[in-house]
Amino acid sequence: MTKEGRLESKVALVTGAGSGIGKETAVRFSAEGAHVVCADLIGDTAVTTATEIGDGAFGIEMDVTNTPSIKAGLDVLIERFGGLDCVINNAGVTIVGAAHEMEEDDWDRELDTNLKSVYLVSKAAWPHLVTRGGGSIASTASIAGIWAIPADAAYCASKAGVIMLTKCMALDGAKAGIRVNCVCPGFIETPMIQGYFADQPDPEASREYATSIHPLGRLGQPRDIADAFVYLSSAESSWVTGTPLVVDGGLVSGIWAG
Ligand SMILES: NC(=O)c1ccc[n+]([C@@H]2O[C@H](COP(=O)([O-])OP(=O)(O)OC[C@H]3O[C@@H](n4cnc5c(N)ncnc54)[C@H](O)[C@@H]3O)[C@@H](O)[C@H]2O)c1
C-alpha cells in the first residue's frame with residue numbers, strides 16, 4: 001500500500017505512544033503517510049492509539065528498558081512491514097528529587113527509562129536502518145537537558161545525556177545514512193506535566209507560573225512536538241543530524257520572560 005505525505009510509506013516506531021507527545025506523534029506520522037507501530041509499556045494504551053489511528057497502525061507492549069522486549073517488538077514490526085525507517089525514542093518518566101535526597105532505585109529507573117532506553121532501542125533498530133540504506137532516529141530530550149531545574153536532578157541529567165548521546169550517534173551513523181536528532185520541548189500539556197503540577201503545593205499557581213515563563217505566552221501542546229518529529233524524520237531535514245531542536249515557546253532564549 002502506498003500512502004502520500006511527508007513520510008510517505010515510511011515505517012516508523014514510536015515509543016511511549018500510549019499517551020501525550022508519543023500518541024500525537026503517532027497520529028501525525030500516520031497522517032503524513034507513515035506506517036506506524038505504537039509501542040508503550042502499558043500495551044493497552046498503545047493498542048488504543050493504534051485503533052484510533054486505524055489505517056494499518058498497530059500497537060504493541062514494549063518496555064524500552066528491556067532488550068528482549070525491544071527485540072520482540074521489532075520482530076513483530078519487521079514481520080508486518082518488512083523494514084524500519086524512522087525511530088522515535090519518546091518514552092519517559094519523571095521522578096522529582098534533589099540528587100542528595102533521591103533513592104537509588106528512583107535514580108536508576110529514571111536514567112534507564114529516559115537515557116539508557118535511547119541507547120537500547122537505537123542499538124536494536126540500527127541494523128534494520130542500515131538494511132534500508134539509512135534512516136532517522138529522533139528522541140525526546142527536554143529543555144531540562146539544557147537548563148537545570150531545582151529538585152529534578154535525575155531528569156535533568158537523563159535529558160542532558162540524551163542530547164549528548166544524540167550527537168555521538170549522529171557522528172557514528174553518518175556514513176550509514178542514519179541521521180540522529182532530538183527535540184527539546186518546553187512544558188507540554190500532557191498527563192506527565194499535569195501530574196507534575198498536581199504534585200506542587202499550589203498546582204494552579206505552578207501552572208500559571210510555567211505558562212508565564214514561556215515568552216510565546218502559552219504552554220506547548222503535543223502537536224508542537226509531533227510536528228518537530230515529522231520534520232526531523234522527513235526528507236526536509238535530510239542535511240540535519242546531531243541537532244537538539246529546541247521547541248519551547250522561547251523559554252531557554254533568556255531569563256527575562258514573564
Ligand atoms: N510534557 C512535558 O512537558 C515534557 C517536556 C519535555 C520533555 N518531555 C518528554 O516527553 C516524553 C513524553 O512525555 P509525555 O509528556 O508525553 O508524558 P506521558 O506520561 O503522557 O507519556 C509517556 C509515555 O511513556 C510510557 N513509558 C514510560 N515508561 C516506559 C517504558 N519503560 N517503556 C515504554 N513506554 C514507557 C508511558 O506509559 C506513557 O505512555 C518523555 O520522554 C518526557 O520526558 C515531556
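Author: Let's begin with helix H2, which lies across S2 and S3 and runs at about 175 degrees to S3. Axes here are lines fitted to C-alpha atoms, for helices over the stretch in contact, and angles run from 0 to 180 degrees between N-to-C directions. Helix H5 also packs on the sheet, where it touches S5, S6 (178-185) and S7, and its direction makes about 165 degrees with that of S6. Helices (H or I, at least four residues) and strands (E, at least two) are DSSP runs, numbered from the N terminus. Residues are numbered from 1 along each chain as its sequence is written. Keep in mind that this is a predicted model: local features need pLDDT of at least 70, side-chain atom pairs count only at pLDDT 80 or more, and totals for chains, interfaces and linings use all residues.

Now the sheet itself. Seven strands make up an open, parallel sheet, in the order S3-S2-S1-S4-S5-S6-S7. S3 and S7 are the edge strands, each pairing on one side only. From one strand to the next, the twist averages 20 degrees. Two strands count as paired if DSSP finds at least two bridges between them. S1 (residues 11-15) and S2 (residues 35-40) pair in the parallel sense over five bridges, and Ala12 has Val36 in S2 as its bridge partner.

Over at S7 (residues 244-247), have a look at Pro244, which lies in that strand. Pro244 counts as buried because 21 other C-beta atoms lie within 10 Å; the cut-offs are 20 or more for buried, 12 or fewer for exposed, and partly exposed in between, with C-beta atoms placed from the backbone. Leaving aside neighbours within four places in sequence, Pro244 is in contact with Ala141, Ile163, Thr166, Cys182 and Cys184. Contact means that the two C-beta atoms, placed from the backbone, lie within 7 Å. Pro244 and Val162 are 82 residues apart along the chain, yet their C-alpha atoms are separated by 9.3 Å.

Asp55 isn't a glycine, but has a positive phi of about 55 degrees. You'll find Asp55 in the loop between H2 (43-53) and S3 (58-61), and with 13 other C-beta atoms within 10 Å, Asp55 is partly exposed. Ala151, also not a glycine, has a positive phi near 55 degrees. That residue, Ala151, sits in the loop between S5 (135-140) and H5 (153-173), and Ala151 counts as exposed, with 11 C-beta neighbours inside 10 Å.
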